[in-house]
Structure formats: C-alpha cells, structure tokens
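I opened my notebook to get to know a new protein model. Here is what I looked up, in the order I did it.

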Amino acid sequence: MKNIKYFIALTAIIMVFSGCKKFLNVTPIDALSGNNFWKTRKDIEGFTNGIYTVLRDKVGKSILLPALEMRGNYVSTTGSIDGSGNNVVNNLINNNLKSIVTASTSYDTRMKTVMNWKPWYDIISASNILIVEIDKVPASELSDVEKKRYKAEAVFLRNLSYMFICKIFGDAIYYTEAYNSKALPRTNQVQVMKNCIADMTAVKDDLPTVYADAASKGFRPTRASAVALLMHLNMWASAWDEPNKNGYYTSVLKLAEELASYTNYRVLPITTENTMRIFKGRSEENLFGVLQDFNYGETFSTFANYSFFFSSYPYRGTVSKTTSFMSYDKEYITKLFPPGTRDERLSTWFENYNSGSTTFQFKKFANRYATGLGTALTVSNDDSAIIFRLPDALLLAAEAAAELNDPGTAQGYLNQVRAAAAAPEITSTGATLKKDIYEERCRELIGEGHFFFDLVRTGRATETDFSKALISVGNFNAGAWTWPLILPPAEAAANPHLVGNNFWN
C-alpha cells in the first residue's frame, strides 16, 4: 500500500470518466500504457493498488464518515468551526441538505463530496476491468489460484462500492461489464443488494483467510471481510424487502457462524492500548479498513477524522486548541452511558462526556502524530478508517436473531460486545431487546460512520426517541433519508435515463 507512486501515475489517474459519450466507463488501460500491460504480477498489483488509492481518497480526503455519523445525531456545535463550518454542520444535523447543495462555503463544498457518486463508480469500473483483463497475465506470472484471489478482491471492492451507493443514494446504476458504454437506468436498491449478495457469495472462498504479508492485515479483504460485507448487504436489503426479511436475517446468522469459525479474530477488551490497536487497523478485531499512517506518508485530510470535530489538544490541534468544536448532547450521551453503570468505553473514550460544552473530549481515536515545535506544535489524527470490525458484525447478528424471535442467540452475540467493555449483561427480550441492541450499536460504534445508516435501516429515523432531526413517514418514503445526488451536466446529458433523488430536487 505504501510503495505505489509509479502505478498511481499509470493507473489511478486514468480512473476517470472518459467524457460525455461514455457513461460510467474508464479509458481502456492499454490505450495509455501500451500493449505490454497485463503481462506481469507487478502490473496486476499496481492496478489493484490504484483502485485502493481511489477508495482511500474517497474515505480519507473527504468528510464522508464524519458526515454519516453526524446527520440526525444528538450532537451540537459548541465552538466555532473554522471556515464557516458551524452553519453547514448544523444543517447536516438537522437534515437540511438542500441549503448545502446551493451554497459555496468551504464546508458546503466538502459536504458535497458525499453527494458525488463518481469515485464509487471509478472503483466499480476499474474492478470490472481487473476481473476481465487479469486472464491475459501468463500462468508463469500468476497461478489460477492467484488470479481467482485478485478477481475476488475486485468483486469485494465493487460490492463495497455498491453498498455505499445504495446506503447513500438508494437506487443505483448497476453493471458489471468492463468498459461499459451503455446508458443505463437506476436499478432498485433491493435488486442491487440481491445481485451483490450473489456476486460476493460466488467468489468469497477464493479470498484468503489470512495474508502472508502482515501489512495487508485489515486492509485487503479476507473471507471474513467478505462475510462482514455480506452481513451488511443482507441487513440493508431486509429493510426494504419486508416480505422476505426473515430470509435475510437467516442468512446473517449463517454468516455469523462462519465468521466464528475464523479463529484469528476476537473482540478485544476495552483499554486505551487496545483502542489504539483497533483503530490503527491491524488488530484481531479488524475485518476491513482504509490505512492512515503518517510514517508512510499515508495521511487523511484533517476533516476526514471524527476527532477533528470532537477533540482538542492533546488529541488534535495546536497547543492552544484547548476546546472542542462539538459535543454530544448531555441527555443523549447519559442515556447511552448511564452514570453509575460500569462501562469501560465511557472512561476510555471520553472526558467530560456529559458536559454538553467545549470541554467535551472524544478519545476513541487516539493515534496521533505531531509536527512543529513549541507554540507551533500541532497534533493530528493518525487512525485508519475502519469500515468493518468484529463487534459491528456481532451486533448485526444479534439484531437478526432478535428479529427472528430468538432472544437467547441475540443476547449471546450482544453480550460478547458488552463483556469486552466490562458492562453488565443484557437479558431483555422482545421489543426491549431490539432497542437494547440498537443502542449498543450506538455505543460501540460511536464516531465510526454507522449512525445514520442504522437510523435509516431500522426505521428509527421517523421516531423522536432516536433522531434529533425527525423525518416524517411521508418524507421518509419520499426519499428524505437519501442524500442529494449531484449530477454534472455532462453526465446527465450522456444518460437520458439518469435521474437524481427527487426529494432533494
């Protein structure tokens, strides 16, 4: 991941749309690199790394994950965010996205990157090309087993992108052909999820259970990564395919059993040291993430890190940055972490957690590096972006079991996560258990970019007890849960079938 500059120049730069005459397409690789490409292992690894570079930029050079966490959440701006950020963040919290589309401050511009699906399609297009072109590589360079692994890796990246597209925009333009030039309509997101589930299931076992190269651990997909992705695809489909939801829940529980068979993963007890290991990205909890590491020149934009908004020195900022821009609302955070109830996450991840003020300090993302000296010293975040980790998967399994009226299994998965935090076991049943599992996801995954997705997927975006910015049932059904889809004029002109998200038009 760290030594790819040559192939970035060759491959990542060309992962762009080739103009208004082609739709969701990339320039053929041999048009730019000559006919000698697709001949060596180095070609394949370079092209694959180019795809990861696009993913890394989408996650690490944008406000994507913080925005997904803050929208509709019980958070407030308590300090002055630089660059006119307060108004934009408040609009995000309150689900007022139309104003962001038409505004032009630096933070409005940053928020608009969430509304742009082009990088996801760059990943999809390049993955489709890799799947087709890798067969040109001579057997002397890559064995059939290795080719299958690269293909499965490309399928994982393709389906990960479709997952984000559907979770952000709803219906997606779905295709798997290399060098696609057909103008396609958007496909219903349930069908997209079904396609992705079948696609990933077919090649899951071609991925390794572990990588020989320790540097790949947590950052390139294994079978466990594919299982986590399949669990998310099934749970998202279940939210929109009500008549068939039990089938998706059953699939999730089968996937959870498979995940348990991979003995190199385990939930780590909550300590400061383990928290830093987890969010660095190569621990026994990590299923898939995007690397950030200052030592290797792999750094994110400051605003791509949740801690930028909710932390202050010595966790981020200059030595004079002694207050945080934002905090969680006191009533909400004390509901998640009731005073007097033991939970190691509370003491490890927060300071002044219930202050509701600039003294709030979020310490979950505690890896950091410093630049400068003296009064010019600046501390920056150095955590990786963790997309999937084991507690997330366990809680999805708990949710699926609860929905299937199997409280014992649900409690078992739920309490694995709570045991790591030394929190009391939960023994509730019925609707209370479902609520407990949801709130456990809010606790365990706080700050990781799951909040709004979970709010939508469970239907709680329409309930006052769970969202600060209530969406009416009518508006929810009309698409208020989606994000505006910003379509460049050339894209819209190239595909007469393409429509945006009507609620935001």
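My entries follow, from the whole chain down to single residues.

**Ground rules**

I am working with a predicted model, where local features need pLDDT of at least 70, side-chain atom pairs count only at pLDDT 80 or more, and totals for chains, interfaces and linings use all residues. Residues are numbered from 1 along each chain as its sequence is written, and side-chain values use heavy atoms, with hydrogens and water left out.

**Entry 1: the whole chain**

I began with secondary structure and found 22 helices and nine strands in the protein chain. Both are DSSP runs numbered from the N terminus: helices are H or I with at least four residues, strands are E with at least two.

Next I looked up the overall dimensions. The C-alpha trace spans about 65 × 55 × 50 Å along its principal axes.

How much of the chain is buried? Buried residues make up 59% of the 505. I use buried for under 20% relative accessible area, exposed for over 50%, and partly exposed in between, with a 1.4 Å probe and protein chains only.

The accessible surface comes to about 19,000 Å², and 52% of it belongs to carbon and sulfur atoms. Those areas come from the Shrake-Rupley method with a 1.4 Å probe; for residues, only the protein chains shown count as cover.

I then checked contacts, meaning heavy atoms within 4.5 Å. Of the contacts with a separation of 6 or more, 69% are between residues 24 or more positions apart.

**Entry 2: charges and salt bridges**

I noted 53 positive and 50 negative side chains, with the centres of the two sets 3 Å apart. Lys and Arg count as positive, Asp and Glu as negative, while His and the chain ends are not counted. Each charge is placed at NZ of Lys, CZ of Arg, CG of Asp or CD of Glu.

How many salt bridges does a search of the whole structure find? The search gives 35. A salt bridge here is a side-chain nitrogen of Lys or Arg within 4 Å of a carboxyl oxygen of Asp or Glu.

I picked out a few pairs:

- Glu-284 and Arg-277 meet at 2.6 Å, N to O. Glu-284 counts as buried at 17% relative accessibility, and Arg-277 as partly exposed at 33%.
- Glu-444 and Arg-345 form a salt bridge at 2.9 Å, N to O. This pair links distant parts of the chain, 99 residues apart: Glu-444 is in helix α19 (residues 430-444) and Arg-345 in helix α16 (residues 344-349). Glu-444 is buried at 2%, and Arg-345 is buried at 0%.
- Glu-399 and Arg-457 have their closest N and O atoms 2.5 Å apart in a salt bridge. Glu-399 sits in helix α17 (residues 390-403) and Arg-457 in helix α20 (residues 451-457), so the pair ties together parts 58 residues apart in sequence.

I also found a network of salt bridges whose members include Arg-345, Glu-444, Glu-285 and Asp-343.

**Entry 3: two residues and their neighbours**

I stayed with Arg-457, which counts as buried at 11% relative accessibility. Leaving out residues up to four places away in sequence, Arg-457 touches Met-235, Trp-236, Ala-239, Leu-396, Glu-399 and Arg-441.

Then I turned to Met-193 in helix α10 (residues 189-203). Met-193 is buried, with a relative accessible area of 0%. With the sequence neighbours up to four places away set aside, the residues Met-193 touches include Tyr-162, Cys-166, Leu-233 and Trp-236.

A reminder to myself: most residues other than glycine have a negative phi, and most peptide bonds are trans.

Which residues does a cis peptide bond join? Tyr-313 and Pro-314 are joined this way, with omega about 10 degrees. Pro-314 lies in the loop between α14 (307-310) and β3 (317-318).

Asn-352 has a positive phi of about 50 degrees although it is not a glycine. Asn-352 lies in the loop between β5 (350-351) and β6 (361-362), and counts as partly exposed at 45%.

Asn-405 also has a positive phi, of about 60 degrees. I located Asn-405 in the loop between α17 and α18 (407-420), where Asn-405 counts as exposed at 65%.
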